[in-house]
Amino acid sequence: MSLKLCPISKQSPLWIDADLLFRDINKEELIKEYFYNVLHGIKDGKTITQWHNIELLIKQHNNKWIRLYIRFLDRKLKYNVIRQGNLVKIHEFSQLMVCLTNWSKSNYRSWKKMPKSTKYEGLSKAILLLQNDQLQDFLNEFIQTVNVEGIMGEAMKKVNVILSSIEIDSLLFQSRTAQYIQIGELFHKNKSVIYLKYIEAFIGILSYRLNIEISKFQQSVIGEQTERFQIDSSILLKTLTVLGMLIIFLMEKMEYEKLFQYYKAAFHHLKCMFLSVQKKETNQYIYSLLEMMDGNDFFTWNNIKKIHLSTISEEILECCPEQGNNMVEIEDIALDKQLMFPSKMTNEKVLAYWNLYKDGSYVISETPSSQEGLLKSVTLLESCKNGFLLLCYNKGNINKIPIRTLLEKKKKNFKYINGYHQHTRLKEVYTIKSECFILILSLYQKEKYVKLYSTENISQHTSLSLKGNQVVDSVVDETDFYLIPNENKEMIPQRIVYSSPMPLGKNITNIYYAKDILTLKKCGAKI
């Protein structure tokens, strides 16, 4: 017979040890594995310390040990069980957690930040679906329901099952990637009606799964440097699509800025790994998509789905996106004017000239071009050979190209194509010899905003035709750019420096920043 416990009052505390607890929830057969031997195989010092804190409360006969114990199982032990990949053991653990969470809710309602039983009921359901080979149908049914009705009613009740399936599904980076990408897109579109805790759980679970997968690839490279082609490029590419999905969720959340930057760097490294593995087999279409997604503004659901399709469709692999005939409207006046900070007269050696034409072609030559249709002729000096070319666009994008990639072009005076991004408006072209700050002046809803952004935060690209990185939110109506020379670095007002690309900056009419605006004008910016 089960011993029914009532809420314990401060006046007459009833001490509950582990034996009594497991007896009350009818899980006595699990006490050895999940209590007495709970640290078996665990070497993480932080986890061991947390368990010692539980033991200390037990020695003091303080029933709060149960609260710490349940949270320990939820936040630590669960992942050890899941990593083993045994669905029977995971189901056993989920049933234990359902019993414990229900017990704590009945006996200690005042305890805060406790896991909910619905979370582990969802995990149990996901396990049964996997065991009965019904998960694929369940995911498709969920997608169809949400597309028709949105995330409400029955669909909302299934979210815990969806989250749990992402947590344990071994085919997340294989045959079921497409379904999870669709679900991620639906979550993103319906984020205003989904409970915040579900979005946070979605981000946390994806992070957990991706960290494991990324670690596997890293170990493959470290352990098999001479046999890297054994890496499954299809799984690697699908991992990139799931990583792109996570980045989309992190892009608009300032509280996740560090995590966003971490996964952006991870995407870059995995992309390089994929291109190294594929080598000559890499299709130009996939290569272009990956290069585009290496910039902030190209993490879109459309490109993620294209990348995924590229792993399964030969037709997609063989096709290349058609080039539009509509040439971009170029601001000739803006490009022909002198730079805000012209270089001083110098006898420095000129290595070459980069000549850009209105049709998008460009020529590397030993002399400035005067041919018809010339848009800009940029001098490439000896001091800039290790620097960068910056192509700045009207919607707040900058493409940063190492100048050495231009100098390494083998054919001089040969007309290359795709010299700039063809579907937006080019505003400025700069060369820099080292990283510096760039002033971004944005127009949004008839108001002007200013921010300073370091070029160190802009990723390098080898393709001139990419739009590059978003350095200010794309909602802007127009953007102008001004370089701040390094000799003026000490004058820079730190309150206007941003490390994140999304903020518009400070409103230039705000009196509080009047002195900062005046300083920027002294640096040469036309604000």
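A: A residue counts as exposed when its relative accessible area is over 50%, and as buried when that value is under 20%. Between the two limits, it is partly exposed. This model is predicted.

Start with the loops. His-61 sits in the loop between α3 (45–59) and α4 (64–84). Its relative accessible area is 51%, so His-61 is exposed. His-61 is not a glycine, yet its phi is positive, at about 55°. Asn-26 also has a positive phi, near 60°, and is not a glycine either. Asn-26 belongs to the loop between α1 (18–24) and α2 (31–36). With a relative accessible area of 52%, Asn-26 is exposed.

Now the aromatic side chains. One aromatic cluster is formed by Phe-22, Phe-35, Tyr-36, Trp-51, Trp-65, Tyr-69 and Phe-72. Take Tyr-69. Leaving out residues up to four places away in sequence, Tyr-69 touches Phe-22, Tyr-34, Phe-35, Trp-51, Ile-54 and Leu-100.

Next come the pairs. The whole structure holds 23 aromatic pairs. Phe-35 has 10% relative accessibility, so it is buried. Tyr-36 has a relative accessible area of 48%, so it is partly exposed. Tyr-195 and Tyr-198 make a tilted pair, with 5.6 Å between centres and 40° between planes. Here Tyr-195 is partly exposed, because its relative accessibility is 47%. Tyr-198 is buried, because its value is 10%.

Now widen the view to the core. In soluble globular proteins, nonpolar side chains tend to be buried together. The largest nonpolar core of this model has 104 residues. Trp-65, Tyr-69, Leu-100, Phe-187 and Leu-290 have the most contacts inside it. Helix α12 gives the most to this core, with 13 residues. There is also a second, separate core of 20 residues, including Leu-356 and Tyr-393.

Finally, follow α12 to a neighbour. The axes of α10 (residues 177–189) and α12 (residues 233–251) come within 11 Å and cross at roughly 10°. The two helices are therefore roughly parallel. In their contact, α10 residues including Tyr-180, Ile-181 and Phe-187 meet α12 residues including Val-242, Met-245 and Phe-249. By class, this contact has seven nonpolar, four polar and one charged residues.

How values were computed. Residues are numbered from 1 along each chain as its sequence is written. This is a predicted model: local features need pLDDT of at least 70, side-chain atom pairs count only at pLDDT 80 or more; totals for chains, interfaces and linings use all residues. Side-chain values use heavy atoms; hydrogens and water are left out. Helices (H or I, at least four residues) and strands (E, at least two) are DSSP runs, numbered from the N terminus. Buried means under 20% relative accessible area, exposed over 50%, partly exposed in between (1.4 Å probe, protein chains only). Axes are lines fitted to C-alpha atoms, for helices over the stretch in contact, and angles run from 0 to 180 degrees between N-to-C directions. Angles under 35 degrees count as roughly parallel, over 145 as roughly antiparallel, 65 to 115 as roughly perpendicular and the rest as oblique. Contact means heavy atoms within 4.5 Å. Ala, Val, Leu, Ile, Met, Phe, Trp, Tyr, Cys and Pro count as nonpolar, Asp, Glu, Lys and Arg as charged, and the others, Gly among them, as polar. A nonpolar core is a set of buried Ala, Val, Leu, Ile, Met, Phe, Trp, Tyr and Cys residues joined through side-chain atoms within 4.5 Å. Rings of Phe, Tyr and Trp (its six-membered ring) pair if their centres lie within 6.5 Å; planes under 30 degrees apart count as stacked, over 60 as edge-to-face and the rest as tilted.
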